[in-house]
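This report covers model confidence and aromatic contacts. The sequence and structure come before the details.

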Amino acid sequence: MQTAVLAPNNTPPAAAQYTEVLGLPNNTPFNVINRASKLQPVRKSPINTLPDEIILHIFKLGVSCRDSQKHIDFAVSASQVCRTWRDVAFSCSSLWADITITTDNMYNIDGGRAIVNTSLLRAKEFASRSRVFPLSVRLKLLVTPNFVYLQTGTVIIMDWLRLVFPRIKYLSIHCDTLLIARLVTNRLQKVPMENLETYKMKFGTEVLSFYHSIILPPHVRFLFLAGQNEEQTQTAENLDLLPKLTRVSLSGFPVSWSRWSLTRLTSLSIKFMTLHDRPSMDVLKYILASNGETLEMLEIQGAIQRFGRLPCNADELPTNLPRLTDLTLGYLSQWEAIIFFLHFEAPALKHLKLCDVSRSILTQHFKDGFDSNSLIIQNMPALQPFNEFSSTILLEHLVYVCSLLEQVETLALENFSLPPLVSDLFRQDDDPLKKLHEAPVFLAYRMLQKSLRLQRLALIDPEQCFLDALNMYSDDPETSSPAPVLTHLCLASSDCERLKLFLERRAENLAKENGPRILDYLELATAKKDLHVLEDIVSQHIDMSCIAKSSLAVGWHGSCPSKCT
């Protein structure tokens, strides 16, 4: 049997320790000890000794990410740590300036006579805490299981937004029903938004660009930069309500192109329009020329007319875009891109991305492969007769006709396919390397040779010919000029073996005296399920330090690697 060893005065050991620390007699009663211990200064953790200004700076860094949901989650979490952090968080207006309102959390109360949207309730609280700070607002008005509440819920959302419209700096709207699109755009038509700088509107999905047009009921009329020809809005009036608007993105949304009047844009994105809703080449030239003195970034994907006209004669000069530095061009047919390059010139262009939209979208929707003879694809008018998904003629145009590649510093090619179809321009090429390699490999290498200032290259789902071209070099620089030295290379492929073969050949060529130089950065991306296989290949068989100073293997989500573009 064990007995507790008591202090000399029979007080419990814990009490004896407290009285000694607090400097009290050993026979002090417990209630006195408790009161004395509470009067002692509490030891603060190091984080609590930081000045409020430092904590505030940390909070601002925490919400600097582009992910809106992470921004919101951080603000809520930071304000719930302790009273000090909460006070600092509430004093920071910018911490609460990012608002996202969705329709997936609406429910009715009181027998269906009221609709509650939890994200709207949070938005109202955020707007109050942000005081007068400019707001970034994202609306995701998509069909949900509670579809019956969608229209009424959207009306409630738009009614509340009217109160904060003058403060909105960034507005993004995504909807997938015509009724909601009409409701939202009608509410936006005559609302003053004097601080709005960025406006994004997305309707439906990318597959829209494969179909003839959106079937519009007779009563549906899109307004606010969107409408049907028989009833159009004078957008000059809207322009007066949007004095600071400089960035516009429209995806899948029918636009009244003939009434376009925005002239101060620095960034314009037009994506995934149905065949009948795309601007004609003349209209596109007018829009871009109207913004030519300010436009710096342009993105056109699945929005160029299929059979756009060629320049009428030699007297028709290309439209000059003197400030354009960043161009993204996505096409269903390579001729769309070729005709675009014939109509426009961009002497300051530094960043170029080209994407075969057909292969890109179909790869995403048919992950197990797609058959061009399937009924689904045959019923997509935009894919007829362009079912070969070739970019060979486009690449020949860039190499032998256009001088655009000579000035770009960053190049991204997504889902490029190079069937062995060559033109007279290719046949007239007398480079000695042409006899040593297959036509697609040599054409890909010619592209690298033409890109004299190229530093960063991203290849998304590349064919083998591009990887082989990256490991080519000229034994005799006097007869065949070498390709420029890359600093950053990003390769994304679902085929791990293809990436492994590239690395092995790269390592072999680096050992040669005239081989390629070591990269500053190499990023390899593959499907998440195969990422561990790629990591094992790299760690066990290849010394990556001999290929690149810094390297990274990541899971591929289908998007372009960010560090190379």
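## Confidence

Which elements of the protein chain have the lowest and the highest mean pLDDT? Helix α9 (residues 235-241) has the lowest, 48, and strand β9 (residues 297-301) the highest, 95. Here pLDDT is the predictor's confidence in each residue, from 0 to 100; helices (H or I, at least four residues) and strands (E, at least two) are DSSP runs, numbered from the N terminus.

Residues 1-11 have pLDDT below 50, and beyond near neighbours in sequence this stretch has 7 contacts in the model, a contact being heavy atoms within 4.5 Å. Residues 217-239 are also below 50, with 57 contacts beyond near neighbours in sequence. Where pLDDT is low, the predicted coordinates should not be read in detail.

## Basis

This is a predicted model, in which local features need pLDDT of at least 70 and side-chain atom pairs count only at pLDDT 80 or more, while totals for chains, interfaces and linings use all residues. Residues are numbered from 1 along each chain as its sequence is written, and side-chain values use heavy atoms, with hydrogens and water left out.

## Aromatic pairs

The structure holds 9 aromatic pairs (rings of Phe, Tyr and Trp, the latter by its six-membered ring, with centres within 6.5 Å; planes under 30 degrees apart are stacked, over 60 edge-to-face, the rest tilted). Trp-96 and Phe-126 pair edge-to-face, at 5.0 Å centre to centre and 85° between the planes. Trp-96 lies in the loop between α5 (83-91) and β1 (98-102) and Phe-126 in helix α6 (residues 118-129), so the pair ties together parts 30 residues apart in sequence.

Trp-257 and Trp-260 are stacked, at 6.0 Å and 20°.
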